[in-house]
Amino acid sequence: MGWWRCGVKSLRYSTMVLGSSNAAVVALGGCLLLLSLPYCRPRRTLPFAAVALAAAVRIVAMVNTGIAQQATATTVLESSESPVVDAVIRHQRRTRYKKWIWWTRFATVVMMVQFVGATYLVLKIFKSISHNETTSDCILGIVSKGSMWKRNMLALFIVMVCFVALLQCFTGSDVLRWRSFYATEDNAWKAHYREVFDHGMREALCCLGRVKYLSVMDEDEVYSVARVLGDLVAYRASGTGHLELLAGLALFQRNSFSSQPHEGLINAPRGQIEEAATLHKFAEAAYTGPLLDFGRNPFIFPCAWLYRQGILTPWSCNRRPKLHGDNWWRGHAAAFLKYAGLPPDALRLGRVCQAKCEAAYFIVVLHHARTVVVAVRGTETPEDLITDGLCRECTLSEEDLDGLMSDPCFDIRQNIETSFPHYGHSGIVVAARELFLQIEGNPRNNGDEEPTFRSHLSSLMGPGCECDGYNLRIVGHSLGGAIAAMLGLRLYRRYPNLHVYAYGSLPCVDSVVAEACSDFVTSIVYDNEFSARLSVGSILRLRAAAIMALSQDSKTDTALIYRLARRFLYLGQYQSRGNKKLSPGSVFNSDPVSTGEHGPNVCGGQYSNKDKGKEEHFSDLFLLGRPAVKEMVVDVDHDNLTSPFEDDISIANSFGDPVTEFMETVPNSNHTSADDPKEMFLPGLIVHIVPDKRSLVTPIWKALTINEMPQKFKAYVSDRETFKDIVVSPSMFLDHLPWRCHNALQNILAAQDSDI
C-alpha cells in the first residue's frame, strides 16, 4: 500500500490526464462495440476494437513504465563505500535502466499505433459523411439511426481518440517525476545522467556498427565519458532549465562579443607561417572518410567521397600502398594521396581503422623537401569521440616527456624536473602512447648496445637509411593536432630536427609543459574556433559568465537571476561538503570551500591581469557549481563588482543578495586545493590568425562554402592564457573547419608577398 501511495504522489499531471483519457477511450469503445455486436460482423468492428485495445495496452505500458521508473530511481539512490557492493549496485542500476528504456519504447510504439488509428477513424468518418454513406458502415449506421445519446457517445469517442493521439506527442515518456525521488540530491542526479549518457552513447555506437559496446556492463571508456557528461549537466538537480542557460549565453554573446585587441602582440614568424601553410594539406588530407566531404560538397558529398576514394579506378588499387584497416580497393590511401597531390610511393605507412584511444596516421616521405611527415587524423570516427571525451587529467611519466627531459637548454630541463608531477588530457595521452609504440616502438640503447630491432621511423631516418638527415614534421588538426603534440614530446630527443604543427588543437598539457615545448611545437588557432578553448573548466566558467550577463541585463526578470544564482551557489557548496547537510544559515556561506568526497574541482588554474599591475589568481570551479568568471572578451572589474538588484526589496530574503554572494564565491587563490584537477593549455608557441574585417553575422550557406572568406588576415603570437575560456560567437564552430585555416594562411602569405 505504501508503494502505491508513493507512486501516486510521484505521478506527473500529464500522466494522470493521459491515463484518464485512455481509460475513457477504452470505456467508450467497449460500449460502442457492445451496441454493435448483435448487428455487425466482427470484421466490420475491427477499427474501433483496435483503437480501444491500443488504449488499454497503453495503460498497461504506462503502469509497467512507472514501476520500472521507480525501480530505476530507487537503485540510483543507493550507494556504498565498498567497491564490490558499489559494482553490484551499478550493474543492477544499469539492468533496471535498460528495462525502463524498453518499456518507454514499447509505449512509444503503442503511441504511434494510436496516432495511426485516430487518423484512420477520422478519415473514414469524414469520407462517410461527405458521401452520405453512414448507413453503409455498420457502427456508424447503427449510431446514426439511434438515439441522441448514442450519437453523442460516438462523437465523444472520436474526440477522445484524437485528443489522446495529440496529447501523447507532447507529454514525453516519463510516467513519474524524477524530482520526486531525487529532489536536490546532487549525486543522485549525476548517477541518473551518467546512465542516460552511457546507454545513449552505447546505442549510438551500436547503430554505427560498434555492437560490442552495447553488451559491456563494466566500467570502460564509454562509461568514463558518460561520467564527465553526467557531471556537466547535473545542474538540473536544482531545477535549472536548459533554456535559462541558453538565454544567459545569448545575452553574454550579445553584450560582450567584440574583437580582442591585438596591440602589442608580435607578428608570427614568416618562416613558420610558410611551413604551416605547406604542411596543412597533409593534416586535412588525413580525413579520408566522408565527414569533411560533407562540408566541402554539402549536396554531392557521396559522389565526391567515392571519387576521392578511387572507386572509379579500381584497377589501379595494386599501385597504392596498403594501409592497416583500409578497404579492398585501398580507397583511404587513394583519398589521402589525391588530396595531398602525392605519388603512391610517397606514402610509406598508415592506419585508418583504429580501436578506442588509438589514432589514425599516415607517414609520408618528401624527397624534394628532405622531410618525413607524420599526419595524424582528427576526430572522424566514434572511437575518436571517445578519445575526445576522456578529458580527465592524467599524470605524465618521464617517458612521455622524454624530449623535454633531454632538452639541451638547462633551464627547460630544470623547470620540468623540479615541477613534477605534470598532467595531460588522459584520452590524448593514451592515444599518443599507443601511436608512439606503433611508429617508433622503444628502441632505446642500453649503454653501447645496439637495439634489437628498428622501428618504422628509425628504419627511414636512422643512420645510413633512406631519409638520414631529413627533417621530421608531425601535423594534425583538432584531436590529431593534440596527439601530434604529445607524440612530439617523446620523439624530440631522438629526432632533433622535429617540429610539430597542431591546427585547431585541443588543450592537452599543463602550463609548464606547454611553455617548455615552444621551440618545437606550434599551435595554430583560427579566430574563434571552439576546440582551442574547449575544456571542462571553460564550459563551467561559461556558465558563470551567462549568469553575470543575465544579472547585468535590465530587461531580465530579477526573480530568474536570483533563482539561478541561489541554485548554483547551493549546489556548489553542497558538492564541496559531500553528504553533509547544510543548515539554512550556511547555504550561502562564503567561507573557503574544501574538496568533498564526491569529486574535486574540475581544474585549478590562474591567469595574470597585467593591466591592473597585479596578478589575480582564479582556481576553477567545482563540477556542479562554483563557477569561476574570468574576462573573456570584455574587461570586468571583479574588485568593484556589485549586484544590480540590491535595492529590490521584494526579492530579498534572509540569505541576502544571492547574486552578490554568488559572485563572491567565484574561486580565487584562497580557494585552491591540492586535489584540484589541473587546467589544460594549448601546447607550444601559439599563432592566432584573426581577420582584419569580419561581419558578425554570416549566413550559414555562405559560411559553409570554402571560398567565402574575408580578404585580409593577420597572424600574431598570442599568450596561451587568452585561450582558457570559450569565446561565444556566431562562427565559433565554423571557424574549426580546416579549410578556413588553410585559406587564411595562404591569404597571409599572399598579402606579405604583395607588400614586398
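**View 1. Arginine 270 and aspartate 753 meet through their side chains in a salt bridge (2.6 Å, N to O).** This pair links distant parts of the chain, with arginine 270 in helix α11 (residues 270–285) and aspartate 753 in helix α26, 483 residues apart. A salt bridge here is a side-chain nitrogen of Lys or Arg within 4 Å of a carboxyl oxygen of Asp or Glu. Helices (H or I, at least four residues) and strands (E, at least two) are DSSP runs, numbered from the N terminus. The model is predicted: local features need pLDDT of at least 70, and side-chain atom pairs count only at pLDDT 80 or more, while totals for chains, interfaces and linings use all residues. Residues are numbered from 1 along each chain as its sequence is written, and side-chain values use heavy atoms, leaving out hydrogens and water.

**View 2. Glutamate 383 and arginine 210 form a salt bridge between their side chains (2.8 Å, N to O).** Here helix α15 holds glutamate 383, and the loop between α8 and α9 holds arginine 210, 173 residues apart. Is glutamate 383 buried or exposed? Glutamate 383 is buried, at 5% relative accessible area, because buried means under 20% (exposed is over 50%, partly exposed in between; 1.4 Å probe, protein chains only). Arginine 210 counts as partly exposed, at 23%.

**View 3. The side chains of arginine 348 and glutamate 466 meet in a salt bridge (2.6 Å, N to O).** Arginine 348 lies in strand β1 (residues 347–351) and glutamate 466 in the loop between α19 (456–461) and β6 (471–477), so the pair ties together parts 118 residues apart in sequence.
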